[in-house]
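Here is a short briefing on one protein chain. The points are grouped by topic.

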Amino acid sequence: MDAGSQEKAARRAALRNEYWRTMTNPHSYLRGESGGVFDTGLARFQAMRVSHFEHFKPTGRSFKIGLFTVVIPIFVYAKMMKHERDQREHQYRTGQVAYADRRFKFI
């Protein structure tokens with residue numbers, strides 16, 4: 001093994017030994033730790049997830065994602081709804097649909 005992998009294996013062994021020492025300590029409840037191990041890596045990850053939007057920088061990619069997932073679908077749906085309602089209104093006004101057959105005639 002090269003020096004880098006030996007150092008990594010040594011770090012892993014030290015962390016594993018520390019984990020087992022803290023998890024199997026019968027007196028940990030006296031310190032108020034409730035038997036859990038404080039994981040600094042997990043704490044850093046959670047802090048990063050919480051503060052993500054504080055460090056957000058708008059880019060062209062994020063603009064495109066917002067445009068294609070929010071703005072364009074709403075616009076396309078609105079245009080389709082307007083077209084369908086205009087077609088129905090045209091049928092009502094030209095007499096192609098009888099009054100008794102119309103939808104929502106009491107509203």
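**Salt bridges and surface patches**

Asp86 and Lys82 are four residues apart in helix H3, so about one helical turn separates them. The two form a salt bridge, with their closest N and O atoms 3.1 Å apart. The model is predicted. The structure holds three salt bridges.

**Overall make-up**

- The chain has three helices and zero strands.
- Read from the N terminus, its elements run α-α-α.
- Of the 107 residues in the chain, 5% are buried.
- The accessible surface of the chain is about 10,100 Å².
- Carbon and sulfur atoms account for 62% of that surface.

**Asp86 and Lys82**

- Side chains of opposite charge can pair when their charged atoms come close.
- The salt bridge between Asp86 and Lys82 has a closest N and O distance of 3.1 Å.
- Asp86 has a relative accessible area of 40%, so Asp86 is partly exposed.

**Glu84 and Arg88**

- Glu84 and Arg88 form a salt bridge through their side chains, at 2.9 Å from N to O.
- A polar contact of 2.9 Å also joins the side chains of Arg88 and Glu84.
- Both residues, Glu84 and Arg88, lie in helix H3.
- Glu84 and Arg88 are four residues apart, about one turn of the helix.
- Glu84 is partly exposed, because its relative accessibility is 37%.
- Arg88 is buried, because its relative accessible area is 18%, and the cut-off for buried is under 20%.

**Glu89 and Arg93**

- The side chains of Glu89 and Arg93 meet in a salt bridge, 2.6 Å from N to O.
- Glu89 and Arg93 are four residues apart in helix H3, so they are separated by about one helical turn.
- Glu89 is partly exposed, because its relative accessible area is 35%.
- Arg93 counts as exposed, because its relative accessibility is 69%.

**Nonpolar patch**

- Which residues form the nonpolar patch on the surface? They are Phe68, Val70, Val71, Ile72, Ile74, Phe75, Val76 and Met80.
- Together these residues have about 780 Å² of accessible area.
- Val76, one of the patch residues, is found in helix H3, which covers residues 60-93.
- Val76 is partly exposed, because its relative accessibility is 39%.

**Positive patch**

- Where on the surface does positive charge gather? Lys8, Arg11, Arg12 and Arg16 make up a patch of positive charge there.
- Arg11 lies in helix H1, residues 3-23.
- Arg11 counts as exposed, because its relative accessibility is 51% and the cut-off for exposed is over 50%.

**Recap by residue**

- In helix H3, the side chain of Arg88 has a salt bridge with Glu84.
- Arg88 is buried at 18% relative accessibility, whereas Arg93 is exposed at 69%.

Note on methods: Residues numbered from 1 in each chain as written. Predicted model: local features only at pLDDT ≥ 70, side-chain atom pairs only at ≥ 80, totals over all residues. Heavy atoms only, no water. Patch = residues over 30% accessible without salt bridge, like charges linked within 9 Å, V, L, I, M, F, W, Y side chains within 5 Å. Areas by Shrake-Rupley, 256 points an atom, 1.4 Å probe, with all protein chains shown as cover. Salt bridge = Lys/Arg side-chain N within 4 Å of Asp/Glu carboxyl O. Helix = DSSP H or I, 4+ residues; strand = E, 2+ residues; numbered from the N terminus. Buried < 20%, exposed > 50% of the residue type's maximum accessible area, 1.4 Å probe, protein only. Lys, Arg positive; Asp, Glu negative; His and termini not counted. Charge placed at Lys NZ, Arg CZ, Asp CG, Glu CD. Polar contact = N/O pair within 3.5 Å; in protein donor to acceptor, adjacent residues only side chain to side chain.
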